[in-house]
4 protein chains.
Amino acid sequence: MNYDIKTTELALTGKQRIDWADRFMPVLASIRARFETERPLDGFTIAACLHVTTETANLMKTLKAGGAEVALCASNPLSTQDDVAASLVADEQIGVFAINGEDTETYYQHIDATLALHPTITMDDGADLVSRLHSEETNPALVEQVAAGTEETTTGVIRLKSMAAEGVLKYPIIAVNDAQTKHFFDNRYGTGQSTLDGIIRATNLLLAGTTVVVAGYGWCGRGVANRARGLGAKVIVTEVTALRALEAVMDGFRVMPMTEAVKEAELVITLTGDIHVLRKEHFEVMKDGALIANSGHFNVEIDIPALEALSIAKNTAREFIEEYTLADGRKLFLIGEGRLVNLTAAEGHPASVMDMSFATQALSVEHIAKNRDSLQKGVYDVPVAIDENVARLKLEAFGIQIDTLTPAQEKYLNSWEMGT
Amino acid sequence: MNYDIKTTELALTGKQRIDWADRFMPVLASIRARFETERPLDGFTIAACLHVTTETANLMKTLKAGGAEVALCASNPLSTQDDVAASLVADEQIGVFAINGEDTETYYQHIDATLALHPTITMDDGADLVSRLHSEETNPALVEQVAAGTEETTTGVIRLKSMAAEGVLKYPIIAVNDAQTKHFFDNRYGTGQSTLDGIIRATNLLLAGTTVVVAGYGWCGRGVANRARGLGAKVIVTEVTALRALEAVMDGFRVMPMTEAVKEAELVITLTGDIHVLRKEHFEVMKDGALIANSGHFNVEIDIPALEALSIAKNTAREFIEEYTLADGRKLFLIGEGRLVNLTAAEGHPASVMDMSFATQALSVEHIAKNRDSLQKGVYDVPVAIDENVARLKLEAFGIQIDTLTPAQEKYLNSWEMGT
Amino acid sequence: MNYDIKTTELALTGKQRIDWADRFMPVLASIRARFETERPLDGFTIAACLHVTTETANLMKTLKAGGAEVALCASNPLSTQDDVAASLVADEQIGVFAINGEDTETYYQHIDATLALHPTITMDDGADLVSRLHSEETNPALVEQVAAGTEETTTGVIRLKSMAAEGVLKYPIIAVNDAQTKHFFDNRYGTGQSTLDGIIRATNLLLAGTTVVVAGYGWCGRGVANRARGLGAKVIVTEVTALRALEAVMDGFRVMPMTEAVKEAELVITLTGDIHVLRKEHFEVMKDGALIANSGHFNVEIDIPALEALSIAKNTAREFIEEYTLADGRKLFLIGEGRLVNLTAAEGHPASVMDMSFATQALSVEHIAKNRDSLQKGVYDVPVAIDENVARLKLEAFGIQIDTLTPAQEKYLNSWEMGT
Amino acid sequence: MNYDIKTTELALTGKQRIDWADRFMPVLASIRARFETERPLDGFTIAACLHVTTETANLMKTLKAGGAEVALCASNPLSTQDDVAASLVADEQIGVFAINGEDTETYYQHIDATLALHPTITMDDGADLVSRLHSEETNPALVEQVAAGTEETTTGVIRLKSMAAEGVLKYPIIAVNDAQTKHFFDNRYGTGQSTLDGIIRATNLLLAGTTVVVAGYGWCGRGVANRARGLGAKVIVTEVTALRALEAVMDGFRVMPMTEAVKEAELVITLTGDIHVLRKEHFEVMKDGALIANSGHFNVEIDIPALEALSIAKNTAREFIEEYTLADGRKLFLIGEGRLVNLTAAEGHPASVMDMSFATQALSVEHIAKNRDSLQKGVYDVPVAIDENVARLKLEAFGIQIDTLTPAQEKYLNSWEMGT
């Protein structure tokens with residue numbers, strides 16, 4: 001087995017941490033148990049390009065338990081947890097090619113190393129591996145051997161759909177990102193809690209009684225708005241679509257333009273997916289001492305250059321917090337340089353959140369294995385049955401049972417929906 | 001002007017009540033004000049078959065203000081408010097054909113009376129008018145003159161889609177029922193409050209500390225579950241799909257099978273759209289004194305015949321409440337004969353709820369008027385722009401302003417969604 | 001048995017309604033069951049002056065079950081439910097002296113009629129009976145025979161404390177009003193729900209998305225503020241004490257002066273116990289269409305004369321709602337003439353609320369019976385043990401068990417609290 | 001100026017952190033600003049024995065600004081933040097006697113060093129300084145010079161009341177601990193948030209959908225229960241008093257005995273102030289994988305010896321988390337060794353919480369200075385006016401204004417409360 005990691009000496013720490021995450025990934029664990037018996041991935045080789053974290057480790061173990069040969073490289077040069085890589089190599093005999101802080105050249109060498117295994121399934125997080133596989137620098141024979149792949153992220157799905165639209169995507173991809181169980185956990189529940197967790201860790205702010213502005217009332221925004229209210233904050237929502245704005249109102253939130261909202265805000269959190277949600281005109285009227293964080297998209301939601309331009313001084317007020325002093329003496333505090341605050345100042349999504357999307361990954365790979373001959377080129381939704389199955393396994397992990405339609409109910413429902 | 005109503009003597013009461021409702025229908029009022037100036041419906045004749053209520057009256061006034069000739073018949077023989085009919089005739093000079101308690105023959109005569117005006121647009125609530133118009137008993141020339149129509153209800157949409165599928169539907173229908181602004185208000189917010197309102201009026205129950213079982217976690221169910229929690233109840237949710245059940249869990253509700261849930265319930269509310277959600281096996285293990293209500297679909301959600309069969313005595317315990325005494329001495333209390341409890345024991349949806357769907361009605365009719373030549377036969381969604389417009393008007397009525405995308409933001413968003 | 005009621009013909013309706021209330025008064029029912037066995041009130045005669053309602057009827061039945069001879073007169077000439085009086089006389093053989101709408105002379109004759117029984121215990125709601133008993137018009141021998149009494153209301157307690165301070169109160173009174181279990185239910189939970197119930201019945205207002213101003217953050221105010229939030233409203237609190245205002249802020253509510261709050265309010269509810277919380281300066285800046293209700297004290301919280309003075313017209317917009325048209329054209333809507341909105345437009349407190357205070361009444365009377373020789377003149381708190389006992393019985397009625405301190409825990413707690 | 005600290009080299013870091021805390025202590029800051037002008041403490045010497053933290057530093061600066069000479073020693077040998085001590089000495093010229101990890105002998109030498117200044121006011125956190133001052137080892141002349149003192153903690157107040165009861169307390173003490181503004185923030189809001197903050201940091205647990213058992217429904221318990229619900233958890237409360245248990249039920253929580261609750265719990269948090277709330281009988285039936293934390297009193301709430309005795313293995317699963325493997329294979333996870341989880345795994349109370357109690361400290365010291373001649377020996381409540389003042393300053397810091405009673409309202413209120 002080939003591998004390229006920093007050291008195997010960290011394996012014990014890595015294993016401990018992987019096991020801790022595993023405690024909160026019961027859905028994936030139940031799939032792994034079934035895979036051990038059924039071995040649905042026998043004969044398949046999977047090249048995975050993912051963040052090398054404790055949760056990913058549990059996915060890799062699941063794929064291997066299913067019979068697959070697995071190789072893992074990093075989807076981001078900075079996110080690799082070297083102890084996790086060590087444990088995967090030392091304890092699980094899984095080939096990992098990832099070193100935290102690796103340079104760009106090494107990053108691509110590591111992708112190539114996983115491709116050298118002649119994968120029949122790819123698993124991607126941002127479509128870097130698929131791009132590399134389709135590029136001129138890669139042996140064109142390799143891509144022909146791939147049955148299908150999966151993609152974890154929105155960005156990756158966009159890139160892949162673009163490739164499909166141009167007719168260059170050479171095999172089917174299942175867009176795990178769009179599964180309902182992923183959205184549930186990632187956006188509403190995961191981001192809701194972890195955003196505030198990051199902010200509290202960074203600031204030690206008491207949310208009760210605080211006025212918090214949440215920019216954007218999509219799934220992430222409503223997650224954060226609800227959790228902030230649940231912690232006693234007075235929440236104001238800003239929006240650009242009337243429908244979502246109205247939903248926020250009907251959910252009991254105040255809604256107003258950002259220029260008004262920032263005048264009351266002690267904390268502003270952006271979750272819109274767009275650029276410059278906070279910009280010069282807002283910095284100019286914000287309250288002295290206001291905290292600013294982003295938990296939406298990249299660090300473009302806050303116009304940091306504009307903030308810099310308005311400032312006469314900049315200091316680190318506390319770990320993760322930059323203090324900007326404006327010409328009029330007001331101070332604004334930017335948390336985590338405007339990057340995703342739950343990743344910067346906390347631990348990102350809890351393992352139980354990743355459990356859902358990685359369970360969908362595992363079941364999607366199984367679906368590929370079972371249907372390899374019938375899948376067509378293109379980007380596909382996760383089959384509804386997988387979504388429902390993941391939800392059902394999660395309920396079982398909670399020890400929760402639900403009702404089943406009686407035959408009479410099923411018949412009534414069908415007849416009614418049919419309109420006969 | 002022809003009309004057929006019970007009496008015009010009730011006009012004053014009717015007008016007072018119509019005006020009260022109008023206070024809570026600001027979106028429709030703003031459309032009416034614009035219609036008065038723009039007269040977009042000049043030259044059109046509208047035959048409307050709707051519940052003759054105060055809210056409907058305000059819709060009729062709006063259509064007339066837009067320039068249309070309007071005639072109104074009842075979509076249900078029992079729901080006509082005779083004072084409203086009186087005011088529409090006496091104060092608004094709108095031809096109404098509706099008498100509360102009218103027999104079936106009169107009911108259809110009244111539909112025919114509106115058709116006799118040679119409508120160019122139809123407005124329906126359950127598709128009875130459209131069916132009549134397409135039937136053999138109606139002059140086939142009439143249907144040929146109709147540009148298009150609208151339909152308010154789920155049931156009507158199903159019937160019309162069935163007609164479309166069979167190729168017999170002769171003109172376009174806009175399914176107002178499926179507008180987002182309708183769903184928002186009707187299901188989540190309207191049903192949420194009015195269901196509990198009906199139950200409290202019927203029982204004078206204190207919800208705080210009470211265990212309430214909500215069957216179904218669709219939009220109606222989650223509306224009721226949230227409001228019951230907001231009033232201090234301990235809420236249990238039952239479901240048949242794992243995805244919705246999981247959402248309920250993640251929203252902090254207990255989820256379990258109905259057979260378990262009823263053992264703890266002091267109140268059970270069904271909102272599933274299916275039959276026999278409460279049935280023999282549940283009645284047999286319910287707590288003594290449990291209250292039962294339906295706010296979902298017809299009065300089939302509760303298997304009342306099974307309840308009758310299990311009972312040795314039945315009495316009226318209080319207005320709207322039947323007390324069933326079972327053989328083992330337990331007593332179960334059925335509210336409002338299992339019919340929609342917010343209609344039976346309260347006033348149905350607040351006017352501000354109807355404001356949204358009737359605003360959509362008015363704008364859909366305007367859309368028909370402006371696009372009469374380009375619309376094709378079939379059943380259509382409400383144009384997204386109308387939905388967004390209704391939401392925007394509602395925000396304006398609340399005095400709420402929202403943000404607008406800057407050109408840079410719009411460009412970024414488009415580029416990102418395009419994947420370029 | 002003497003009695004003076006409107007008619008016995010309404011007994012059946014009365015009994016049905018008393019039985020319905022009884023379903024929601026399990027604590028009182030469990031006390032009644034014990035009283036039937038233990039007969040702690042044997043030999044006592046109780047003169048009760050209370051609102052003659054279904055809940056009071058169940059209290060009377062309980063006292064009689066305990067062995068007491070009971071006579072009941074009305075504590076308010078307008079609150080008597082004649083059907084309840086009928087059932088008490090016809091079905092329970094309890095002497096009632098109360099007719100709805102009776103004149104003042106009859107009102108006092110009825111009090112005298114209960115005193116004619118030579119009561120040994122009095123039960124009062126506003127201290128009218130006790131006052132009469134101490135007055136010159138009453139045979140002074142009567143008061144000498146009284147062992148002790150109870151008082152239900154704040155107003156009554158104030159009057160009695162005033163009498164005690166002046167040295168004229170001739171026997172001990174237990175102030176049921178001050179029991180914790182009464183406060184819990186009456187103010188926080190009872191008023192919270194029933195106030196909004198009354199407003200919804202009167203207006204059919206949808207609370208979701210509505211801006212509601214709650215004046216006063218005492219127990220009633222926080223009850224209403226929480227329930228309004230639970231129904232989706234945006235709630236603003238006004239206060240005059242900084243401590244309570246700060247609590248409201250920390251609980252996530254906006255707090256501001258009334259002159260600011262009314263500019264945003266669609267509904268204002270007063271619950272302060274003081275006068276003119278809404279007055280000229282507020283009416284002058286309220287939003288057009290604002291709704292006004294009181295659920296605090298008497299109808300003095302809203303300065304109605306000032307509202308009248310500002311108005312150029314006044315009409316009944318709907319049952320329970322007066323429309324005031326101001327000179328500038330704005331309309332303000334006063335609900336229930338500014339009287340307690342939960343009594344005016346709904347059913348007052350749910351029976352389960354009265355269950356708590358009437359259980360405390362029954363146990364206080366038992367306490368009097370058992371300690372008649374050791375009680376001293378004056379006004380007393382309800383013994384803590386009764387409060388805890390009522391709470392325990394209520395938990396039992398809910399089927400809820402709680403923990404008990406182990407001997408080691410009890411010892412630790414005592415030592416710690418003792419500081420040894 | 002004498003002092004004894006670890007080093008002055010950490011002063012810069014200390015100052016940065018003190019300044020950060022100061023941002024969230026606006027009430028204390030406003031008092032400090034006033035003190036600088038009014039100098040109410042001129043001529044007084046204060047010996048303070050408190051945790052040497054950033055918040056305490058801001059209190060010391062405030063006292064000094066008021067004109068006092070100040071010396072500070074540690075109230076706990078392990079809680080001293082050496083960088084804070086450094087900044088107080090180097091930047092503020094305040095004599096600090098505290099070194100993190102000092103032994104018992106040094107601890108008492110440091111107390112003696114502050115007493116050597118001949119304080120006229122003492123400020124204590126646990127009554128160690130007062131005890132020392134009253135002991136045989138201390139020059140009896142010193143205690144005679146003290147005008148009065150303050151005490152921050154429950155434990156200290158109990159010790160001091162015990163001293164007062166025995167007649168040995170030689171000067172007046174104001175029990176800052178009992179101020180309402182302290183309770184508000186410490187227990188309900190501070191503990192509520194910081195407990196869950198500590199647990200999330202220790203475990204990375206997603207609270208949504210999780211079953212959390214909260215032992216105790218005092219102010220701390222209800223704080224945690226509400227915040228856990230606000231984060232989406234399903235919360236069960238356990239209690240030993242019926243009144244509190246009933247409040248929990250009426251607030252919508254499930255209540256049951258601990259032996260039942262632990263069968264459902266994924267997380268148990270104790271906040272009772274008593275011992276062995278979780279013990280052998282509970283460990284024996286807990287769910288596999290359950291997390292256990294304490295945020296109430298000392299680490300006695302969980303019977304750790306019993307847990308050890310039941311276990312066949314013990315490992316560190318993750319920082320702050322001990323994994324106990326029981327004989328039947330179940331694993332239980334103890335967070336932070338059962339010590340206060342918000343201190344162990346997070347940062348304790350946010351600065352804004354300490355702002356309130358330290359503002360009360362500063363105002364109580366001013367009260368002592370102004371009333372030194374009229375105060376009597378004993379332990380006293382904080383004057384109500386100080387409580388209201390702190391609340392008012394906090395509202396001002398939030399930029400919130402409230403109403404004031406009109407003369408007419410004041411008169412009405414007084415007359416009503418007087419019963420005239």
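User: How many residues lie between β13(D) and β14(D) in their hairpin, and which residue in the turn has a positive phi?
Analyst: In this predicted model, the hairpin of β13(D) and β14(D) has four residues between the two strands, and Gly329(D) in the turn has a positive phi of about 95°.

User: OK, and in which sense do those strands pair?
Analyst: β13(D) and β14(D), the latter covering residues 331-335, pair in the antiparallel sense over five bridges, and Thr325(D) stands opposite Lys331(D) in β14(D).

User: What about β12(D) and β13(D), how many bridges there?
Analyst: Strand β12(D), residues 311-318, pairs with β13(D) over six bridges, again in the antiparallel sense, with Tyr324(D) as the bridge partner of Lys314(D). These two strands also form a hairpin, with two residues between them, and Phe320(D) in that turn has a positive phi of about 75°.

User: Is β13(D) mostly covered or mostly open?
Analyst: β13(D), residues 321-326, is mostly covered, since six of its six residues are buried. Ile321(D), Glu323(D) and Thr325(D) point one way from the strand, while Glu322(D), Tyr324(D) and Leu326(D) point the other way. In a regular strand, side chains alternate between the two faces of the sheet.

User: Switching to chain B, which order do the strands of the open sheet follow?
Analyst: The eight strands run in the order β9-β8-β7-β10-β11-β14-β13-β12 in chain B, and the pairing is mixed. β9 (254-255) and β12 (311-318) of chain B stand at the edges with a single partner strand each, so one side of each has no neighbour in the sheet.

User: And which residue is the bridge partner of Thr270(B)?
Analyst: That partner is Asn294(B) in β11(B); β10(B) and β11(B) pair in the parallel sense over four bridges.

Technical notes:
Residues numbered from 1 in each chain as written. Chains lettered and ligands numbered in written order. Predicted model: local features only at pLDDT ≥ 70, side-chain atom pairs only at ≥ 80, totals over all residues. Heavy atoms only, no water. Buried < 20%, exposed > 50% of the residue type's maximum accessible area, 1.4 Å probe, protein only. Pairing = 2+ DSSP bridges.
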